[in-house]
Amino acid sequence: MAYTVLARKYRSQTFVEVIGQEAIATTLTNAIATGRIHHGYLFTGTRGVGKTSMARILAKALNCLSYDTPTATPCGNCDACRKIAEGQDVDVLEIDAASNTGVENIRELRSNTAYRPARARFKVYIIDEVHMLSISAFNALLKTLEEPPEHVKFILATTEIQKVPATIQSRCQRFNFRNIGPEPIAARLTEIAAAEGTQVESAVVQRIARLANGSMRDALSILDQLLSVSPSQLDAGVLDELLPPAQNEQVFALFEQVGAGDVAGVLRGLDAILGAGRGIELFCQDAIDVARTLLLLRTCGADTGMVDVPAAARASYVALAQKFELSHYVQMIPMLEELRRHVRFSSAGRALAEVTMLRLARLREWTAIEQLLRQLPAEGDGADQKKKSVADETTESLATCEPAPPVAARPRIRELADVAPSETAPLRPIPAETRVPASTEAALVRAVAPSAAATTRSGAEGAPSERSRGIEVSNEERRRAEEDPIVRQAIELFDGVVVSVERSPPEGPPALTPSQKK
């Protein structure tokens, strides 16, 4: 007799036996009990979580020959239930969409829906991996899926719901199958091992459950492989010989080295993980998952239900989570995600991974923002005292300062303002190359001391100046004065502004007017 693998031998046969999907089983049971049976169902979830098993159980519930109507508790012994469990019933057709992707396959399906079932109440179509259908095939299925004959039911299953068109999803009742927790998987493995007559340690089943990553089929495949090595007794030694440590266990040990700041230990741990054949991208994904778990334990508490941590390891996770500040997690997760993106296009992925892990190992040496904020004095306590001490120190330093020396240019301005127009020579010698031309002397004095310049040009107090005599200054003259290098230097030095421009008296005898020339 051919050997039947554990995944098929111990497949769930009733709604009660389904592991980890109790909410979906309850919903379908109530729908059958109340007669609210939909014509289309869409089961989505990762591999090995019970989608196909649930579809077969639903088909048996609809077509069990031991009852006159659909029942939530199929007998499992009638010819229909046995054939459906084996996938060989004539009225329950299981179609692999990966090998029937074309529109002609859907056309054949549509033509067959017109025929009534041979012996059962409903003709059930179970289309596995439905996301593999082509766009034309999906379009051909739309009308039949929306308004099928009353004797036809559709059950679609997929692992990639994002590839299923929204028009298909809207015509079905969608059920999301969750990953199965480690505890239910471990309990089921213990039952199966006992049924197979094998003694197994609790640590072994716990580790198998973690290796399965939420998939019951993966867990049964691992157990089947271990039973081939040692069918009578399973211990940790057998598991270590056959399988490497769980990836999350290795990554958790790596984060412990990161928390301790052991750079050499971190690099050795990374080398062990990558040397076991784990790609850098998958390692980054696992590291992000562990970092997220630590973050949620750090923020939401040790009893939070948002993380999936084995009960035996939860205390270790909580202790490690407290070693990092929240700002460390904010930096840690983006760094790992950036590494995951960069290694796709880099030939130095190993070096990038080592440098990133080195940065993580040194992360706790950086001062966190929370620590800096805690060092600041509280408002109203030390803050006022600190402000007062700073003010006292400033006052004391001002009291001991010597007076600043007088600015040499200011007496110069006053002296220039008090002299007559004929006495506008500088008070002290100025080199010839920097001597102020007589044409710009008045403009310079006017720019830095307007009132003094007015007195200078008038010659005596109360004497009218050129501006007061009606000679207006144009913008062009003011612009030329501002462009003069001496005037510009004076404006910058004394922070002055050109108010007006006064003309110097012409040298020599005045020019004759036309009447005087005659």
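Colleague: Is C172 buried or exposed?
Modeller: This is a predicted model, in which local features need pLDDT of at least 70 and side-chain atom pairs count only at pLDDT 80 or more, while totals for chains, interfaces and linings use all residues. Residues are numbered from 1 along each chain as its sequence is written, and side-chain values use heavy atoms, leaving out hydrogens and water. With a relative accessible area of 10% (buried is under 20%, exposed over 50%, partly exposed in between, for a 1.4 Å probe and protein chains only), C172 is buried.

Colleague: Why is strand 3 largely enclosed by the rest of the structure, and how many of its residues are buried?
Modeller: Strand 3 covers residues 123-128 (strands are DSSP runs of E, at least two residues; helices are runs of H or I, at least four; both are numbered from the N terminus). The strand is largely enclosed because its buried residues number 5 of the 6.

Colleague: Which residue is the bridge partner of I127 in strand 4?
Modeller: On one side of the description, strand 2 (residues 92-96) runs parallel to strand 3 over 5 bridges (pairing needs at least two DSSP bridges), with I95 opposite I127. Strand 3 also pairs in the parallel sense with strand 4 (residues 152-158), again through 5 bridges. In strand 4, the partner of I127 is L156.

Colleague: Which helix lies on the chain's crossover from strand 3 to strand 4?
Modeller: This β-α-β crossover is right-handed (clockwise from first strand over the helix to the second, with the strands pointing away from the viewer). The connecting element, residues 135-146, is helix 6.
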